[in-house]
Amino acid sequence: WRSASKNSNLLPLPPGPRLLPFVGNAFDIDVSRPWLTYTHWKEKHGDIVYSRVLGQHIIIINSIEVARELLDRRSAIYSDRPFIQANEEFGTSFNTAYLPYGETLRIHRKLFHQTFGAEASAEYRDLYFRRAYELVIDLINVPHKLEKHLELYSGSLIITAIYGYETPPGADGDPLINRTREATEIAKRVLAPERAALLMAFPFLGHLPSWFPGASDRRLAPYCRKLVRQMLDEPFEIGKAKMTMTDDGRPPSIVAKFLDAGDTSPAQEEFMKGVAVSGFVGGTETTASTLHSFMLAMLLHPEVQSRALAEVNVVCGDNLPSFEHRPSLPYIEAICREVLRWQPIVPLGWPPCSGYLIDLLMLKKGLPHRTSQDDVYQGYFIPKGSMVLVNEWAISRDESFYPDASRFDPERHLTAEGKLKDDPLAGHFAFGYGRRICPGRHFAELSLWAAMVSILSTVRITKAKDLEGNNIPVIPEYTAGLAMQPKPFACAITSVNSRREEYMRAAPRAD
Ligand code: HEM
């Protein structure tokens with residue numbers, strides 16, 4: 001049971017839990033929080049674990065060293081993705097995230113680099129803050145719609161940057177956001193775990209027999225394909241029509257920049273459309289979930305808020321903080337790092353990415369990398385076609401790096417002199433590895449920082465009160481649903497600096 005068919009050297013597979021005939025470990029995994037099962041396996045079997053579900057080889061990486069060695073250094077072997085038939089049926093195979101390792105992926109990643117790379121992302125510095133001010137004002141005005149405000153912040157930022165148009169206030173009215181939601185809902189229904197698992201185990205079935213639970217949803221496929229086509233075409237046309245340069249001579253959007261650069265053949269345009277929508281679906285929920293987690297951490301830790309505000313006040317006086325202040329605000333930086341570490345919103349190294357395939361093969365929150373050829377690591381055989389998951393949860397809980405790891409403690413990222421530590425793991429929990437590392441990470445980091453510093457400098461998040469004036473207790477719980485994000489919690493949000501609030505209110509808003 002523990003050998004793989006093409007293992008000519010008869011090397012052992014990595015250690016792992018006992019496999020049952022046929023189903024392998026299908027029944028061993030906590031399907032709502034599989035990373036906890038994998039972390040338990042780490043304790044027993046170590047940093048690299050072999051498992052099998054319905055004949056599919058699964059390699060679970062539980063340490064940063066193994067992740068770097070395999071996914072970073074050997075990325076030519078470890079950068080494929082599993083093929084999903086349903087993506088073809090439902091028109092979602094354009095998404096960068098699902099592309100196999102090959103030429104189309106290379107083109108997409110190049111476009112991503114040009115449009116969301118470090119330099120390109122920095123060009124949107126004014127936009128992040130403009131949106132962040134709107135976010136703060138919305139939080140003060142209507143604190144109970146916290147989640148909605150965070151989703152609007154992250155979604156509208158990406159839409160404005162990509163297509164150059166302003167989403168109307170209250171994302172409900174935006175056609176792109178609405179269509180994305182609708183397509184996502186269909187995909188979630190269709191790609192229920194049992195269906196995806198069966199297709200993965202028996203790809204020769206191609207299409208599921210009509211008696212199979214959920215198979216009747218296939219009738220939605222043509223409609224979903226139509227929605228996806230609209231998502232690809234319509235906002236792109238808006239971006240195309242909005243080519244007027246900004247006052248400082250920059251293209252008004254990523255699409256405009258692409259068109260301005262020259263090669264606009266239909267094929268190239270189709271790639272750009274795919275990149276734009278992949279960026280939107282890959283970046284919205286991830287950024288919003290991270291900020292939601294940040295708000296929860298602040299609510300639970302008033303002392304962290306006080307120290308952050310004091311740091312901003314010393315550095316900025318009553319002015320609004322900006323990216324120029326960033327190097328002088330190490331504590332704020334430490335908060336950002338700790339938010340990403342404390343509750344990695346992609347605990348198995350994969351973003352919710354609009355909800356597709358999350359339950360795939362019972363590997364919730366873990367659409368993995370896939371090996372494109374056989375490999376050997378430390379005497380273990382890694383078969384071609386293995387799914388490879390990084391258990392970021394286990395890495396974030398590694399006590400040798402992070403003593404008392406489940407505690408939220410920004411100070412762990414600072415030296416005794418209050419400077420930022422040179423942390424080799426910083427950023428890794430959030431953004432993945434190798435040639436599939438998140439191409440939106442620069443954009444994401446800047447937008448997270450702008451939102452966090454704007455919130456910390458201007459408002460205070462406290463417990464909400466009930467009708468008798470008692471604090472409503474906060475139970476920090478996370479959803480086991482699509483994205484790892486906090487379950488809704490009540491909080492009060494009040495301004496702590498009227499000057500900054502005034503500046504923010506006076507800043508131009510989208511209309
Ligand atoms: C806090 C925000 C974000 C987090 C935590 C996050 C996390 C991730 C992770 C873990 C991966 C998988 C990496 C791997 O397979 O090794 C990924 C991939 C991806 N992300 Fe992000 N992401 C965020 C924001 C964004 C943004 C803003 C964009 C676009 C502007 C974006 C676009 C993508 C795309 C297109 C992929 C697929 C890349 C590929 O398969 O080659 N993400 N992201």
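These notebook entries record what I looked up in the structure above.

**Entry 1: ground rules.** I am working with a predicted model, in which local features need pLDDT of at least 70 and side-chain atom pairs count only at pLDDT 80 or more, while totals for chains, interfaces and linings use all residues. I number residues from 1 along each chain as its sequence is written.

**Entry 2: the chain overall.** I find 18 helices and eight strands in the chain, where helices (H or I, at least four residues) and strands (E, at least two) are DSSP runs numbered from the N terminus. Of the 511 residues, 47% are buried; a residue is buried if 20 or more other C-beta atoms lie within 10 Å of its own, exposed if 12 or fewer, and partly exposed in between, with C-beta atoms placed from the backbone. I also looked up contacts, meaning pairs of residues whose C-beta atoms, placed from the backbone, lie within 7 Å. Among the contacts with a separation of 6 or more, 72% join residues 24 or more positions apart.

**Entry 3: the cores.** I take a nonpolar core to be a set of buried Ala, Val, Leu, Ile, Met, Phe, Trp, Tyr and Cys residues joined through C-beta atoms within 7 Å. The largest one has 83 residues, and Val136, Ile162, Val255, Ala451 and Met452 have the most contacts inside it. Helix α12 (residues 266-300) gives the most to this core, namely 15 residues. Apart from that core lies another, of 29 residues, which includes Trp41, Ile59, Ile64 and Ile382. I then listed the partners of Val255, leaving out residues up to four places away in sequence, and found Ile162, Tyr163, Gly164, Phe236, Gly239, Lys240, Met272 and Ala276.

**Entry 4: α14 against α17.** The axes of helix α14 (residues 330-342) and helix α17 (residues 441-458) come within 10 Å and cross at roughly 120°; axes are lines fitted to C-alpha atoms, for helices over the stretch in contact, and angles run from 0 to 180 degrees between N-to-C directions. The two helices are therefore oblique to each other, since angles under 35 degrees count as roughly parallel, over 145 as roughly antiparallel, 65 to 115 as roughly perpendicular and the rest as oblique. On the α14 side I see Ile332, Ile335 and Cys336, which meet Leu448, Trp449, Met452, Val453 and Leu456 of α17. I sort these contact residues into eight nonpolar, no polar and no charged, counting Ala, Val, Leu, Ile, Met, Phe, Trp, Tyr, Cys and Pro as nonpolar, Asp, Glu, Lys and Arg as charged, and the others, Gly among them, as polar.

**Entry 5: α13 against α14.** Helix α13 (residues 302-316) and α14 have axes that come within 8 Å and cross at roughly 140°, which makes α13 oblique to α14. Here Val304, Arg307, Ala308 and Glu311 of α13 meet Tyr331, Ile332 and Ile335 of α14. The residues of this contact divide into five nonpolar, no polar and two charged.

**Entry 6: two single residues.** Is alanine 132 buried or exposed? I count it as buried, because it has 25 C-beta neighbours inside 10 Å. Alanine 132 lies in helix α6 (residues 125-141) and, residues up to four places away in sequence aside, touches Ala450, Ala451 and Ser454. Lysine 463, in strand β7 (residues 459-463), is partly exposed because 17 other C-beta atoms lie within 10 Å.

How values were computed:
Contact = placed C-beta atoms within 7 Å.
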